[in-house]
Amino acid sequence: MKKIAFIPLLALLFTVFAASAQSNQDAYALASQSGCLACHKPDQKLIGPSYESVATKYHDQSDAPEYLSNKIKKGGAGVWGRIPMPAHPQLSDESIKTLVAWILRGAPSQ
Amino acid sequence: MFFSGNLIIRFALGLLCSISLMAYAASDISGVVTSSKGREAGVWVIAETIDLPTKFTKIVVTNDRGQFLIPELPDARYQVWVRGYGLVDSPKVQAKVGSNLKLKAVIAPNSSAAAQYYPGMYWYSMLEIPKETEFPGTGEQGNGIPPFMKKQHYWIDTVKNGCQSCHALGSRGIREVPEFFSKSSNGDSFIAWANRTQAGQAMGYMALVLGRLGPDKGLSLYADWTDNIAKGKLPFEKPERPQGIERNAVYTMWDWSSPKHYMHDAISTDKRNPTLNANGLIWGAPEESTNLVPSLDPIKHFASSVQMPILDPRTPSSADAPHGPSAYWGDEPIWDGQSSIHNLIMDEVGRVWFAARIRPASNPDFCRAGSDHPSAKVAPLNDSLRQISMYDPKTKEWSLINTCFSTHHVYFGHDSNNTLWTSAGPPNSGVVGWLNTKKYLQTHDEQASQGWTPLIIDANGNGRRDDWVEGSQPLDPNKDKRVMAAFYGIQPSPVEDVIWGQAMDVGFSRVDQPGYLVRLDPGPDPTNTALVEIYQPPEGTFGPRGLDVDSKGIVWTVLSSGHIASFDRKKCKGPLNGPSTVDGKQCEEGWTLYRLPGPQFKGVDPKGSADGAYYIWVDLYNTLGLGKDVPIASSNGGEALIAVVDGKLITLHVPYPMPFFTKNVDGRIDDENAGWKGRAIWTTTGTRAPFHSGDGSKDMYPKVFKVQIRPSPLAD
């Protein structure tokens, strides 16, 4: 009986994991296509901060999604150094939401 | 008594002859240039008209007596003025063909006014280059230079092959920060530079290059450079006026395409037969800016364009590239190219073949592992950034050819298959690809007509290709070794069955390996038999970019250390295969160097120059008039074509519109019996931002340039 219950649970976990991996891959592709990766890398500073350091800085902040969405959309400067980040008006709200969620997960590629 | 009677008579006859020519030739404008200092020798006289279907300009140089003759002008009303080193532009005068003018040159009131006409490199050489002792960089918490920048030449190669390869560094639109940016940054020039490098649709690429320099360090040095210029600092050297045969040049130019677009290259004929397409259309390659391929009819002075189609509507477009606001165009994305047409070549019947993007990067299955394509079995490829397209001007039909390998430059071989050899640009693919165009045109079977090979060095020295170790693996005495490079420049040799290529240095490739010349011997089955030899430029030099091969098999390239260089493999003394050759350090004796003219960056080895040249082309058939086999470099800092004639450099500086910035050249013979008038070399504006010109802004079109050398400065 226990075995029977365990198998669907495994299947559910696998499905969740696969969906999450797909979601990460899609977000990574979106970041790449949108030019984000020209200035940011997941794990090291480039022109702007690494996504991992952004995730670390904001992971306990409840309004982080809204704050970061605003930063992406309107641009900003001064938090991570002198080089400003340009506004990205071409990105839809939905795309920005996807990107922010992915960044706050530490920007995994898989 | 300085002259004999005979000499005086000959001189008088010559003078009469030249006066006669200047006064009566119906298609010329002639005259003399004087200033408050007397006759002005070696200055340019510019005639321009908007009466023709497209704007037309012709430029000549005054002789040692200040005389000029602008030949072969179409009937129109012209504005004529004088430009020259030591001068400021003279007032423009109206003239018709047949006029004889007395032009008043204006002496520059001060050094600053004079320097506004200097080629960009005189200003760019004022950019501070970090000292040798600052390398390798110590990173963000240290000197701001990334640790992967291990030597000073990595930096120099980056500011040339990363920055100067697209922009005319030192030209007015760059050495001066637009008010748009200085205002938005409240006068903080560091922020102004951060914003201007984010402007426009190349923002991603600019970020990539800044990341290599260390963004804070790079932006600081560029900001200091323009701050110093804004405070009145001037170049520490002055250019010389044209001398000798440089005064025999005639520059003709036409507007084409659009001020929002830019060109990479142009083509006029078949490199193997320069009489093909005589007097015919010139074609252009607009790279990321548009799918509209421009053409120019130089006889009717008519510019047009044709749209290149794409295979897959999902092909990326530059219109979607992120971009910050431009000082010139605001938020408007001025580029909308999907086809990314980088380079083009004409075949033996006048069809035009392009290195162009026809689909997204992901390759079809026949390119990948598991495919039975012969080349995929050897080196499977997952991505291709550009493929091949072909336009037949006679049928007005396009062919789109789906290649597995990336293309960047395309040149035809001299074989019966008319093999189109292609370079890949960046080194990532690690292969060289080709298209058997004869087979393709007969069968339209793109898969069977293409092939590619990895670059394998005969490291075990047994004279044949064996299994290999990868570039990152140690040598194995029983195996060959792969070099993870790809060609940037490429040229099939006209004298032997080998293909010469050139791999980029670290500033462009962003791979920690030197730039090489690469000799590829294809063997009977190139996919499985090709072997390569690699050759590093000699100690103290670096950064090869582009190459061509002369009729003796000597290879010519340009180096970002500030040189034109030739490499003659016949001079090599040591072994050219085997384990000692895997680093490419053999045969330093094969190289000959020619320093590019002009200043060097301060504190950098003065054996080099601050000039950077994009490419080099060999005039195999004397289409210019400086002789057969003359190499001609596209000097981007010198704003010139620089030819090597009998070991000496001839600088053909095109003074208008500033900056002359070109990436390729080709030469055509329109009429073999017409002397200098029947032959010319052709090129186009290559900067990505024609609007940076000091001679215009958003009204500045890319141009087609025709360059000729006549027997004397007054020849008609």
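Chain B of this predicted model exposes about 26,100 Å², of which carbon and sulfur atoms supply 52%. Of its 716 residues, 64% count as buried. The chain carries 70 positive and 76 negative side chains, and the centres of these two sets are 5 Å apart.

The secondary structure of chain B consists of 14 helices and 41 strands. Its radius of gyration is 25 Å, close to the 27 Å given by the globule rule for 716 residues, so chain B is as compact as a globular protein of that length. Along the principal axes, the C-alpha atoms fill a box of roughly 80 × 60 × 55 Å. Among contacts in chain B with a separation of 6 or more, 63% come from residues 24 or more positions apart.

Over all chains there are 33 aromatic pairs.

Y222(B) and W225(B) are both buried. They sit three residues apart in helix 9 (residues 215-230) of chain B, and are therefore separated by about one helical turn. Both also belong to one aromatic cluster, together with Y124(B), W193(B) and F601(B).

Y328(B) and F691(B) are 363 residues apart, and the pair links distant parts of the chain. Y328(B) lies in the loop between strand 15 (302-307) and strand 16 (343-346) of chain B, while F691(B) lies in the loop between strand 40 (679-684) and strand 41 (703-709) of chain B. Y328(B) and F691(B) are both buried.

Methods: Residues numbered from 1 in each chain as written. Chains lettered and ligands numbered in written order. Heavy atoms only, no water. Helix = DSSP H or I, 4+ residues; strand = E, 2+ residues; numbered from the N terminus. Rg over C-alpha atoms; globule rule 2.2 N^0.38 Å. Buried < 20%, exposed > 50% of the residue type's maximum accessible area, 1.4 Å probe, protein only. Contact = heavy atoms within 4.5 Å. Areas by Shrake-Rupley, 256 points an atom, 1.4 Å probe, with all protein chains shown as cover. Lys, Arg positive; Asp, Glu negative; His and termini not counted. Charge placed at Lys NZ, Arg CZ, Asp CG, Glu CD. Phe/Tyr/Trp six-rings, centres within 6.5 Å; stacked < 30°, edge-to-face > 60°.
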